[in-house]
Amino acid sequence: MHEFSIALDIVEIAVETAKANNAKTVNEVEIDVGEMSGVIYEALEFALQSAIKGTILENSKFRLNRIKAKAICNKCKHDFEPTDVMSVCTSCGSSDISLVRGKEMKVKSINID
Amino acid sequence: MCDTCGCNDNNSGYTILKIQDHDHHNEDHQEHDHNHPHNHDHHHSHPHPGHEHQPEHIHQHPESRGRIIEIEKDALQKNNLMAQRNRGYFDAKNILAVNLVSSPGSGKTTILEKTILSKDLKKKVTVIEGDQQTISDATRIHATGVQVIQINTGNGCHLDALMVHSACKELNPPENSLLMIENVGNLICPAMFDLGESFRVVIVSVTEGEDKPLKYPYMFQTSDVCLINKIDLLPHLDFDLERLKSNAARINHHIEFIDLSAKTGEGFGKWTDWLESKCC
């Protein structure tokens, strides 16, 4: 249940930014979550519901953007979209690949009044 | 409630226990620190040495409700910054920090005991033990004669960089030494949290099944070495060692394997040789 620790960090970042910008309310928090970040979306959404209790985010909407993964093969330099952590290069079959996108777990923005 | 001093140990609060000679069988007299998460609503500032915060970028959209403040911050930034601080501390003191991760029961603590007692290892060893509750592992390690700190994560399922930072303040590992960090027995959550370690070592035992790397890919993806423990049991099991290795290699092309038995000592020399080769 590491999603709860991550949810607390997300809430802290959003609350600090809201305070620094004298927000009266936070309408929305936008988060990028990569497909290969190791986070279960539903678990994160669930954890956020607990993490926001008693904060300025209590009535905020959370927008989770799912970021598709992209990898480059270190052998043949082919780039492709891996479907899971076990994916191998779709061109040469090598498992020596580097993820270039899809591990994101980022607080992107907040919308405040 | 905290079972050490009776104070209220709330949600994600953790406890650091210094294991000492005279009282390691008596939890009531442990020297301990408590860390409790702060309330997100109170006013506070966080100084972060070593970097500067960029002012947030503000967009005003007259047609839409509210102002958009762009943040673009990694959710794990706080942990990652602290991990880098730990890494700098370890580098400056020439400490090799090894993060041992595995599922419960794979033999982490036994491997650690045998590693400490190995005559092949020349470096001084100190240990940080991570468990949700109890000081049993730290007590076992203390019996080998090395300095050990127990972190009880309370409701937490993993160690994080701040816990290791706080534990290091208590432990004060010496220069040119080896710091072994035994993470909470859990193959999922500790994968996400960089502690500032030099190397991550995942332990899997042959009683666990060859598909462990496929079931818990992130831990194998982020580890440098895979210790395959309990190989003395292989004659009694239908276990395909090569299949386990090919499964792990599918997840992590660069992972190294060391087969060993902490019980019989078979293959243990390869592990201590590996540790010696990384200490400089």
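Helices (H or I, at least four residues) and strands (E, at least two) are DSSP runs here, numbered from the N terminus. This is a predicted model, where local features need pLDDT of at least 70, side-chain atom pairs count only at pLDDT 80 or more, and totals for chains, interfaces and linings use all residues. Residues are numbered from 1 along each chain as its sequence is written, chains are lettered from A in the order in which they are written, and side-chain values use heavy atoms, leaving out hydrogens and water.

Start by selecting B:His158, in the loop that links strand E7 (147-152) to helix H4 (161-171) of chain B. B:His158 counts as buried, with 3% relative accessibility (buried is under 20% relative accessible area, exposed over 50%, partly exposed in between; 1.4 Å probe, protein chains only).

Now show what B:His158 touches (heavy atoms within 4.5 Å): among others, A:His2 and A:Ser5 from chain A, and B:Cys189 and B:Phe193 from chain B. Zoom in on A:Ser5, whose side chain makes a polar contact with the B:His158 side chain at 3.5 Å (N or O atoms within 3.5 Å; within protein, one able to donate a hydrogen and the other to accept it, and residues adjacent in sequence count only if both atoms are side-chain atoms).

Next, pick B:Phe199 and B:Trp274, an edge-to-face aromatic pair with 5.1 Å between centres and 75 degrees between planes (Phe, Tyr or Trp six-membered rings, centres within 6.5 Å; under 30 degrees stacked, over 60 edge-to-face, the rest tilted). B:Phe199 sits in strand E9 and B:Trp274 in helix H8, so the pair ties together parts 75 residues apart in sequence.

Technical notes
Lists of a residue's contacts leave out its neighbours within four places in sequence.
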